[in-house]
Amino acid sequence: MNKPLRAVAIFCGLLVLGLLIRANYLQYVRAPELASDTDNRRVQIEQFATPRGDIVVGGRAVTGSAETESTDLKYKRTYADGPMYAPVTGYASQAQGMTLLEKTYDSILTGKDDRLAFQRFADVVSGEGRRAGSVVTTIDPKAQKAAWKGLTDLKGARGAVVALDPATGKVLSLVSAPSYDPSQFAGGTFKESDRFVALGKEKSKPLANRALRETYPPGSTFKILTAAAALEHEVVTDVDARTDAVSPYPLPQSTNKIGSEAGDGVCSKASMKTAMQYSCNNVFLDAASKLGQDKMRETAEKFGFNEDVYSEDFGDLLASKSLYPEDLDKPGTALTGMGQGSLTSTPMQMAMVTAALANDGKLMQPYIVDEVKGPDLGTLEKTEPAVMSEAVSAETAQKVQEMMEFTAKEGSARKAQIDGITVGGKTGTAQRGVDVNDEVPYGWFVSYGKKQDGGSVAVAVFIDPTDMDISRSDISGGGLGAPIAKSVMEAVLKQ
């Protein structure tokens with residue numbers, strides 16, 4: 001062979017070798033990455049090639065699948081009571097992707113989870129085709145319906161409701177309003193994409209998950225945590241003893257004085273129990289000031305502030321962190337005692353605080369998935385209750401319970417009372433910044449209910465009345481939130 005031909009042959013051989021190396025690199029090294037790439041059309045085709053598994057609430061599937069007219073995406077997702085369950089299920093859309101349970105448990109719901117490998121092999125042998133698993137939630141359908149109805153009956157309200165089982169951490173209700181119907185954009189048509197884009201532009205933010213992903217000043221509902229901190233660190237030892245906190249209260253290092261709606265005559269030097277009853281600001285400002293930022297933050301963090309509510313294993317269910325800030329000055333620390341200043345919380349977080357106090361100080365890890373099942377309904381995964389922290393001692397928690405139950409009987413939380421049920425509650429009205437008075441405040445309400453046989457539920461209700469036709473004087477956690485909390489507690493405890 002002459003020299004030019006030999007050079008061409010070697011060059012062609014190198015090209016072939018390069019192609020073989022590249023093919024093997026793609027086949028064995030990058031294959032897993034490419035197989036899961038969201039830009040890979042084949043991934044999407046496979047996701048929607050068969051009916052998705054069910055997301056189950058109270059023994060009933062709240063999701064389904066329907067055949068489409070598409071040539072390659074054979075099935076699309078359907079939802080029962082879509083707007084009510086959207087903050088739980090999220091959405092699985094051919095065009096918009098996936099969120100929440102749909103995203104976190106996609107491998108189960110599409111039947112591609114490694115734990116289903118033997119089942120897939122059996123299905124191939126039998127000719128049945130790929131079958132999917134299901135996700136069984138902890139949601140109580142009656143509680144979810146009560147929360148949804150309560151919020152949507154407040155015309156124009158934006159808000160959220162979270163209900164927890166204090167003893168286990170089960171999420172019994174998770175509602176956000178206004179909401180959206182995931183069925184409206186589950187497919188891949190231009191019309192459905194336009195619907196999704198329109199939802200994102202709405203002023204009321206229906207796509208927002210206010211229960212998990214939005215944070216707000218918690219207002220006076222935070223006073224139950226301040227009370228727990230004061231008792232735990234012995235700043236207050238007797239909830240019935242008069243304090244030295246005058247009203248209006250002079251904010252440290254400031255000329256500002258902060259009063260209370262109940263009036264100075266009731267609140268000045270009131271006991272902590274009376275202050276809880278009438279939501280007197282001065283006693284809680286004073287308690288936070290005496291505790292100092294480190295002890296206040298330490299207690300807040302034991303209740304879940306500055307922490308991830310869910311572990312990383314929960315994927316897209318990870319909630320926004322509720323924040324008790326660092327490096328607060330003395331006036332800033334005092335303001336957190338009444339739930340204002342730079343403090344922020346999700347409704348989930350305030351439900352956790354209430355649940356921990358109702359559970360004698362033990363904070364349980366919230367969870368929303370009870371079981372993951374295979375196509376044959378065999379259990380693949382079962383969530384077991386887990387302690388997140390010992391937030392405060394049982395003695396401290398029981399003293400706070402005493403004050404909350406007194407507030408429900410004789411104070412601002414009376415609208416949450418239920419015959420035959422022990423109820424503790426606390427109202428909250430949160431200003432949007434200390435010096436901002438031109439915007440309507442937020443309404444909050446937290447409560448727990450206990451049956452004599454030991455069953456219990458903790459509820460947090462958040463209401464943003466921006467779009468409501470309501471006067472400023474009528475905005476209160478007790479007036480707007482307590483009836484909703486009561487209906488949710490009744491739904492859980494009176495079944």
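The structure is a predicted model, in which local features need pLDDT of at least 70 and side-chain atom pairs count only at pLDDT 80 or more, whereas totals for chains, interfaces and linings use all residues. Residues are numbered from 1 along each chain as its sequence is written, and side-chain values use heavy atoms, with hydrogens and water left out. The chain contains 17 helices and 18 strands, where helices (H or I, at least four residues) and strands (E, at least two) are DSSP runs numbered from the N terminus.

**Overall make-up**

- Of the chain's 495 residues, 52% count as buried; here buried means under 20% relative accessible area, exposed means over 50%, and partly exposed lies in between, with a 1.4 Å probe and protein chains only.
- Among contacts with a separation of 6 or more, 69% come from residues 24 or more positions apart, a contact being heavy atoms within 4.5 Å.

**Open sheet**

- An open sheet of 5 strands has the order β2-β1-β7-β13-β14, with mixed pairing; two strands pair if DSSP finds at least two bridges between them.
- The edge strands of this sheet are β2 (60-61) and β14 (379-382), each of which pairs on one side only.
- Strands β1 and β2 run antiparallel and are joined by 2 bridges, and V56 stands opposite A61 in β2.
- As a general point, strands of a sheet pair through backbone hydrogen bonds, either parallel or antiparallel.

**Salt bridges**

- The structure holds 19 salt bridges, each defined as a side-chain nitrogen of Lys or Arg within 4 Å of a carboxyl oxygen of Asp or Glu.
- One of them joins R52 to E102, with the closest N and O atoms 3.0 Å apart. This pair links distant parts of the chain, since R52 is in the loop between α3 (41-47) and β1 (55-57) while E102 is in helix α5 (residues 100-104), 50 residues apart.
- Both partners are covered, R52 being buried at 6% relative accessibility and E102 being buried with a relative accessible area of 0%.
- R52 and E102 also belong to a network of salt bridges that includes R77 and D106.
- R115 and D113 meet through their side chains in another salt bridge, with an N to O distance of 3.0 Å; R115 is partly exposed at 40% relative accessibility, whereas D113 is buried at 11%.
- K302 forms a salt bridge with E298, in which the closest N and O atoms are 3.5 Å apart. K302 and E298 both lie in helix α13 (residues 281-302), 4 residues apart, which is about one turn of the helix.
- K302 is partly exposed, with a relative accessible area of 33%, and E298 is likewise partly exposed, at 34%.
- In general, an α-helix has 3.6 residues a turn, so residues three or four places apart point the same way.

**Disulfide and cysteines**

- A search of the whole structure finds 1 disulfide, the term standing for a pair of cysteine sulfur atoms within 2.5 Å.
- The disulfide is formed by C267 and C280, whose sulfur atoms are 2.1 Å apart. Because C267 lies in helix α11 (residues 264-267) and C280 in the loop between α12 (272-278) and α13, the pair ties together parts that are 13 residues apart in sequence.
- The torsion about the S-S bond of C267 and C280 is about -75°, so the disulfide is left-handed.
- C267 and C280 are both buried, whereas C12 is partly exposed, with a relative accessible area of 38%.

- Helix α4 (residues 82-89) is mostly covered, with 7 of its 8 residues buried; among them are M84, Y85 and V88.
- G90, which follows α4, has a positive phi near 70°.
- I10, L14, L17 and I21 make a nonpolar surface patch of about 400 Å²; patches consist of residues with over 30% relative accessible area and no salt bridge, like charges being joined within 9 Å and nonpolar side chains (Val, Leu, Ile, Met, Phe, Trp, Tyr) within 5 Å.

Conventions. Accessible areas come from the Shrake-Rupley method with a 1.4 Å probe; for residues, only the protein chains shown count as cover.
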